[in-house]
Amino acid sequence: QVQLVESGGGLVQAGGSLRLSCVASGRSLSYYAMGWFRRAPGKEREFVAAISSSGENTYYADSVKGRFTISRDNAKNTVYLQMNSLKPEDTAVYYCAGRQAYTSSRLYCTGTDFGSWGQGTQVTVSS
């Protein structure tokens with residue numbers, strides 16, 4: 001399994017931006033489809049964004065579409081989540097997740113699709 005470590009979370013005012021990073025070790029991310037999920041206090045984990053192993057396809061939850069951008073740099077074994085125009089309701093622990101993908105264009109958007117998870121990074125947006 002690939003090991004994943006997130007970073008980049010923090011406290012930001014509403015309207016601000018943060019960029020989360022997810023660095024992989026143990027295996028090359030080139031063969032992994034990736035996703036970002038989040039869990040807000042008292043709520044279930046929810047899907048945020050996904051990217052195919054090649055990077056050619058992305059998909060977003062409606063709640064973040066137009067504000068968040070998922071990207072990857074396979075040479076750096078890193079996936080990013082650029083978050084702009086942050087809202088208080090974006091406050092959550094953010095997790096990156098990965099799974100081996102045998103089709104480079106395939107997307108996965110359900111938590112149970114993923115076998116590797118990071119420990120999470122806290123994002124807090126103040127109003």
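**A disulfide, a ring cluster and a few neighbours**

A disulfide joins Cys 22 to Cys 96, with the two sulfur atoms 2.0 Å apart. Keep in mind that this is a predicted model, in which local features need pLDDT of at least 70 and side-chain atom pairs count only at pLDDT 80 or more, while totals for chains, interfaces and linings use all residues. Residues are numbered from 1 along each chain as its sequence is written, and side-chain values use heavy atoms, with hydrogens and water left out.

Let us stay with the sulfurs for a moment. A disulfide here is a pair of cysteine sulfur atoms within 2.5 Å, and by that rule the count comes to one. The torsion about the S-S bond is 50°, and the link of Cys 22 and Cys 96 is right-handed. Cys 22 belongs to strand β3 (residues 18-25) and Cys 96 to strand β9 (residues 92-100), so the link connects distant parts of the chain, 74 residues apart. Strands, by the way, are DSSP runs of E with at least two residues, and they are numbered from the N terminus.

Cys 109 is partly exposed, at 25% relative accessibility.

Now turn to the rings, where the structure holds six aromatic pairs. Rings of Phe, Tyr and Trp (its six-membered ring) pair if their centres lie within 6.5 Å; planes under 30 degrees apart count as stacked, over 60 as edge-to-face and the rest as tilted. Phe 37 and Phe 47 have ring centres 5.7 Å apart and planes at 75°, so this pair is edge-to-face. Because Phe 37 lies in strand β4 (residues 32-39) and Phe 47 in strand β5 (residues 46-51), the pair ties together parts that are 10 residues apart in sequence. Both Phe 37 and Phe 47 are buried.

Phe 114 and Trp 117 also pair edge-to-face, at 6.2 Å centre to centre and 70° between the planes. Phe 114 is buried, with a relative accessible area of 6%, whereas Trp 117 is partly exposed at 28%. Phe 37, Phe 47, Tyr 59, Tyr 108, Phe 114 and Trp 117 form one aromatic cluster.

A charge sits over a ring if NZ of Lys or CZ of Arg is within 6 Å of the ring centre and within 35 degrees of the ring normal. The charged end of Arg 45 sits over the ring of Phe 37, 5.8 Å from its centre, and that of Arg 99 sits over the ring of Tyr 108 at 4.1 Å.

Tyr 102 has its place in the loop between β9 and β10 (116-117) and is exposed, with a relative accessible area of 72%. Tyr 102 and Ser 53 are 49 residues apart in sequence, with their C-alpha atoms 8.9 Å apart in space. Thr 121, by contrast, is buried at 10% and lies in strand β11 (residues 121-126). The side chain of Thr 121 reaches the backbone nitrogen of Gly 9 at 3.2 Å.

Methods:
Helix = DSSP H or I, 4+ residues; strand = E, 2+ residues; numbered from the N terminus. Buried < 20%, exposed > 50% of the residue type's maximum accessible area, 1.4 Å probe, protein only. Polar contact = N/O pair within 3.5 Å; in protein donor to acceptor, adjacent residues only side chain to side chain.
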